[in-house]
Amino acid sequence: MNRSISRFAAVFFLCLLGFSVFAVVVDLQNHLRLLEESIAAASTWLARLTGSPAQIVDGNYISVQGMSLNINHECTGIFVFFVLISFIVAYPARWGMRLAGIAVGIVALTLVNILRIATLVRLVEYYPSMFVYFHEYVWQGIFLMMVTLYSITWVEWARR
């Protein structure tokens, strides 16, 4: 295998391992309440902007049509950010490019995540039986594709 590919793979997986250990050591999932509440508020605001009667309940719960959506640590996108950051750090580029790529990526993916949750809120209103399918498959796939497309776009930008 090419030396640069081996280096990329090693750094990528070491970063992922480091993030995983960090998450366990600091019990990360129990320290994301403010992020959960912020995403719930932004998603509810966006859903209401499009006519939804959704309401925030207890900070990180969105109530709509008798259903309660819990915006928990998995909904924050934090683990997706770990993958994106690991990829960008592992790729051979100037640190300025890396930091810019991380910052733009986190903002862009957060906005996509808010859109994801807002559309799930609206989906619950009209097709509640489709919620699980869209939550587990459709949006997971879209989110994965967004990370992939962003990573490819960032690599092209970083090569210039």
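The structure is a predicted model, in which local features need pLDDT of at least 70 and side-chain atom pairs count only at pLDDT 80 or more, whereas totals for chains, interfaces and linings use all residues. Residues are numbered from 1 along each chain as its sequence is written, and side-chain values use heavy atoms, with hydrogens and water left out.

The protein chain contains five helices and three strands. Helices (H or I, at least four residues) and strands (E, at least two) are DSSP runs, numbered from the N terminus. Read from the N terminus on, the order of the elements is α-α-β-β-β-α-α-α. The C-alpha trace spans about 55 × 35 × 25 Å along its principal axes. Of the 160 residues in the chain, 39% are buried; here buried means under 20% relative accessible area, exposed means over 50%, and partly exposed lies in between (1.4 Å probe, protein chains only). Contact is defined as heavy atoms within 4.5 Å. Among contacts between residues at least 6 apart in sequence, 66% join residues at least 24 apart.

Two helix pairs are described next. Their axes are lines fitted to C-alpha atoms, for helices over the stretch in contact, and angles run from 0 to 180 degrees between N-to-C directions. Angles under 35 degrees count as roughly parallel, over 145 as roughly antiparallel, 65 to 115 as roughly perpendicular and the rest as oblique. A crossing is left-handed if the near helix is turned anticlockwise from the far one by less than a right angle, and right-handed if clockwise.

Helix α2 (residues 33–49) and helix α4 (residues 95–126) cross at roughly 55 degrees, and their axes come within 8 Å. The two helices are therefore oblique to each other, and α2 passes α4 in a right-handed crossing. On the side of α2 the contact is made by Ile39, Ala42, Ser43, Leu46 and Ala47, and on the side of α4 by Asn113, Ile114, Leu115, Ile117, Ala118, Val121 and Arg122. These residues divide into nine nonpolar, two polar and one charged. In this classification Ala, Val, Leu, Ile, Met, Phe, Trp, Tyr, Cys and Pro count as nonpolar, Asp, Glu, Lys and Arg as charged, and the others, Gly among them, as polar.

Helix α3 (residues 78–90) packs with helix α5 (residues 131–159) at an angle of about 20 degrees, the axes lying 11 Å apart. The pair α3 and α5 is therefore roughly parallel, and its crossing is right-handed. Val80, Leu84, Phe87 and Ile88 in α3 meet Phe143, Val147, Tyr150, Ser151, Trp154 and Val155 in α5. By class, this contact has nine nonpolar residues, one polar residue and no charged residues.

A pair of aromatic rings is described by the distance of the centres and the angle of the planes. Rings of Phe, Tyr and Trp (its six-membered ring) pair if their centres lie within 6.5 Å; planes under 30 degrees apart count as stacked, over 60 as edge-to-face and the rest as tilted. The structure holds nine aromatic pairs. The rings of phenylalanine 8 and phenylalanine 12 are stacked, because their centres lie 5.9 Å apart and their planes are at 15 degrees. Both residues lie in helix α1 (residues 3–25), four residues apart, about one turn of the helix. Phenylalanine 8 is partly exposed at 22% relative accessibility, whereas phenylalanine 12 is buried at 15%. The rings of phenylalanine 87 and tyrosine 91 are also stacked, with centres 6.4 Å apart and planes at 20 degrees. Both phenylalanine 87 and tyrosine 91 are buried. Ring pairs link Phe8, Phe12, Phe13, Phe87, Tyr91 and Trp154 into a cluster.

Histidine 73 lies in the loop between β3 (67–70) and α3 and is buried, with a relative accessible area of 16%. Leaving aside neighbours within four places in sequence, histidine 73 is in contact with Gln29, Leu32, Glu36, Ile78 and Phe79. Aspartate 27, in the loop between α1 and α2, has a phi near 50 degrees, a positive value in a residue other than glycine. Its relative accessibility of 35% makes aspartate 27 partly exposed. Aspartate 58 lies in the loop between β1 (55–57) and β2 (61–64). Although aspartate 58 is not a glycine, its phi is positive, at about 55 degrees, and the residue counts as exposed at 55% relative accessibility.
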